[in-house]
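Reader: Hi! I'm new to this one, could you walk me through it?
Author: Happy to, let's have a look together.

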Amino acid sequence: MAEELSKEQTVFATIGKIIGKLDELRNNSSGKAALAHLRNSIGQPLSETVDIWPIVFEQMPDSFLGRSGRLTNEERAILTTLQIYALHQQSRTESVNKRSEKSQWDNIGISLKSLREGSETVAIDRRFNTMITSSSFEELTHHLRQMIQLLKAKNPDIAVNYAQLGNDLYWFLRNKEEKVRLDWAKAFYSRQESIEKGEDEL
């Protein structure tokens with residue numbers, strides 16, 4: 001369990017470092033190109049997306065790197081998070097990343113909660129529930145990208161704690177789907193003040 005906790009903390013920190021660097025460059029030509037490469041890599045084999053290799057691997061700990069020709073859970077969680085961040089950041093001058101400490105409550109559910117307004121609440125709830133009940137990582141991230149695009153269109157000022165998102169994706173891949181689903185649902189449906197009183201758990 002100690003090893004798992006250490007990796008969890010490092011996934012969070014690694015994503016924070018990479019997005020921190022991308023954030024600094026987001027409004028210049030090199031930063032925009034890096035974000036475009038990440039967006040274009042969605043759905044593509046990593047071996048065919050040479051342009052993103054420096055972005056993804058420069059800050060990644062050696063212990064995360066796969067040796068079998070397949071992505072490790074850490075690599076998949078980090079890469080997927082960066083791709084979603086790049087989608088969200090497209091055409092935005094202000095950062096869409098919310099920097100904060102690791103917290104099970106400051107998750108994607110809090111950001112998507114802002115969509116639960118007006119007459120579209122039922123439709124948004126249905127889309128959110130479809131996402132969190134996904135049976136596979138691929139299905140989850142497909143719906144997640146759609147929700148992020150919706151958030152970007154409807155509430156462009158809402159940021160996402162992307163380090164925490166990557167952390168949650170890592171645990172989803174580690175067969176902790178139920179915990180991730182419950183954490184996201186509690187943040188999405190509950191009043192933020194009440195859930196912030198809860199204690200972090202594994």
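Predicted model: local features only at pLDDT ≥ 70, side-chain atom pairs only at ≥ 80, totals over all residues.

Reader: Where is the place of Ser 111?
Author: Ser 111 is in helix α5, residues 108–112. Helices here are DSSP runs (H or I, at least four residues), numbered from the N terminus. Residues are numbered from 1 along each chain as its sequence is written, and side-chain values use heavy atoms, with hydrogens and water left out.

Reader: Thanks! Is Ser 111 buried or exposed?
Author: Ser 111 counts as buried because its relative accessibility is 1%. Buried means under 20% relative accessible area, with a 1.4 Å probe and protein chains only.

Reader: And which residues does Ser 111 touch?
Author: Leaving out residues up to four places away in sequence, Ser 111 touches Lys 98, Leu 151, Ile 158, Ala 159 and Val 160. Touching is a contact, that is, heavy atoms within 4.5 Å. With Ala 159, a polar atom of the Ser 111 side chain lies 2.8 Å from the backbone oxygen.

Reader: New topic: how many residues does the largest nonpolar core have?
Author: The largest nonpolar core has 50 residues, and Leu 112, Phe 128, Met 131, Tyr 162 and Trp 184 have the most contacts inside it. Helix α8 (residues 162–173) gives the most to this core, with eight residues. Such a core is a set of buried Ala, Val, Leu, Ile, Met, Phe, Trp, Tyr and Cys residues joined through side-chain atoms within 4.5 Å.

Reader: What does Leu 112 touch?
Author: Among the residues touched by Leu 112 are Phe 128, Met 131 and Phe 188, again not counting those up to four places away in sequence.

Reader: How many aromatic pairs are there?
Author: The structure holds six. In one of them, Phe 128 and Phe 188 are stacked, at 3.8 Å centre to centre with 10 degrees between the planes. Rings of Phe, Tyr and Trp (its six-membered ring) pair if their centres lie within 6.5 Å; planes under 30 degrees apart count as stacked, over 60 as edge-to-face and the rest as tilted.

Reader: Which helices does that pair link?
Author: Phe 128 is in helix α6 (residues 121–132) and Phe 188 in helix α9 (residues 177–189), so the pair links distant parts of the chain, 60 residues apart. Phe 128 is buried, at 0% relative accessibility, and Phe 188 is buried at 0% too.

Reader: Which residues form a cluster with them?
Author: Phe 128, Phe 188 and Tyr 189 form one aromatic cluster.

Technical notes. Helix = DSSP H or I, 4+ residues; strand = E, 2+ residues; numbered from the N terminus. Polar contact = N/O pair within 3.5 Å; in protein donor to acceptor, adjacent residues only side chain to side chain.
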